[in-house]
Amino acid sequence: MTEQDTAPIVDAPVESDDNRDEADIAADYIEELLDICDLDGDIEIEERAGRVYLSVTDENGALRVLSKPDTVSALQELTRIAVQAETGEFSRLILDIGGSRDARATELQRLVDTAVERIEAGSSTAALPPMSSYERKLVHDLVAEKGFHSESEGEGRDRHTVVTR
């Protein structure tokens, strides 16, 4: 028997629990949460610009219970903590439940439109309410598309965006 005959055959890397990736851990966490709540949902995973996006949808609208902005933010933080507890690394995943991110993006667009209208009417600045870093990034992009300038101000939960000409 040669050394080649006794070498282990490796078809593909074996995924151990220690090596599970962020998306799988997050999806398992959300799936378990849905089971506890006795809700059905389809989980889709995307990766955009190095960030995991988890989208949970359903056919019958039962997820609207979980799709309120504050609830989605809280569930996103819990999911990030679950990922960090298992991987030991900070997670920047984004969670969308029942189209909540699209609804929030529409709401942010309205806020930006109102801020721009105030500036065009003569105000030197327009401050928006406090929001997450992800939402502030969306706002900065929307403001730039309209040809205006924006900056984040404040600390912690009070951090908000100020729009100027």
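About 600 Å³ of space lies in the largest pocket of this predicted model, where a pocket is an open set of points on a 1 Å grid over the protein atoms alone, with protein on both sides within 12 Å along at least five of seven lines. Of the 21 residues that line this pocket, Ser73, Met131, Ser132, Glu135 and Arg157 are the closest to its centre, and a residue counts as lining when it has an atom within 4 Å of a point. The volume itself is the space filled by probe spheres set on the grid points, which are joined across faces, edges and corners.

Helix 3, helix 4 and helix 5 (133-145) are the elements that give two or more residues to the lining of the largest pocket, and helix 3 provides the largest share, seven residues. Helices here are DSSP runs of H or I with at least four residues, strands are runs of E with at least two, and both are numbered from the N terminus. Sorted by class, the lining of the largest pocket has five nonpolar, five polar and 11 charged residues; Ala, Val, Leu, Ile, Met, Phe, Trp, Tyr, Cys and Pro count as nonpolar, Asp, Glu, Lys and Arg as charged, and the others, Gly among them, as polar.

The second largest pocket has a volume of about 160 Å³, and the elements that give two or more residues to its lining are helix 4 and helix 5. Helix 5 supplies the largest share, six residues. Among the lining residues of this second pocket are Arg101, Arg104, Tyr134 and Glu135, and by class the lining divides into four nonpolar, no polar and six charged residues.

Rolling a probe the size of a water molecule over the atoms shows where empty space is left. A cavity is a set of grid points where a 1.4 Å probe fits but cannot get out, and the structure holds one cavity of 30 Å³ or more. About 70 Å³ of space lies in the largest cavity, which is lined by Pro69, Val72, Ser73, Ser100, Arg101, Arg104 and Glu135. Helix 3 (69-87) and helix 4 (100-120) each supply at least two residues of that lining, whose residues divide into two nonpolar, two polar and three charged.

Serine 67 sits in the loop between strand 2 (51-57) and helix 3. With a relative accessible area of 18%, serine 67 is buried, a word that means under 20% relative accessible area with a 1.4 Å probe and protein chains only. A polar atom of its side chain lies 3.2 Å from the backbone oxygen of arginine 64. Leaving aside residues up to four places away in sequence, serine 67 touches Val72, Ile97 and Ser100, where contact means heavy atoms within 4.5 Å.

Turning to the chain as a whole, there are five helices and six strands, and from the N terminus on the elements run α-α-β-β-α-β-α-β-α-β-β. Of the 165 residues of the chain, 32% count as buried. Among contacts between residues at least 6 apart in sequence, 52% join residues at least 24 apart.

Residues are numbered from 1 along each chain as its sequence is written, and side-chain values use heavy atoms, with hydrogens and water left out. In this predicted model, local features need pLDDT of at least 70 and side-chain atom pairs count only at pLDDT 80 or more, whereas totals for chains, interfaces and linings use all residues.

Note on methods. Buried means under 20% relative accessible area, exposed over 50%, partly exposed in between (1.4 Å probe, protein chains only). A polar contact is a pair of N or O atoms within 3.5 Å; within protein, one must be able to donate a hydrogen and the other to accept it, and residues adjacent in sequence count only if both atoms are side-chain atoms.
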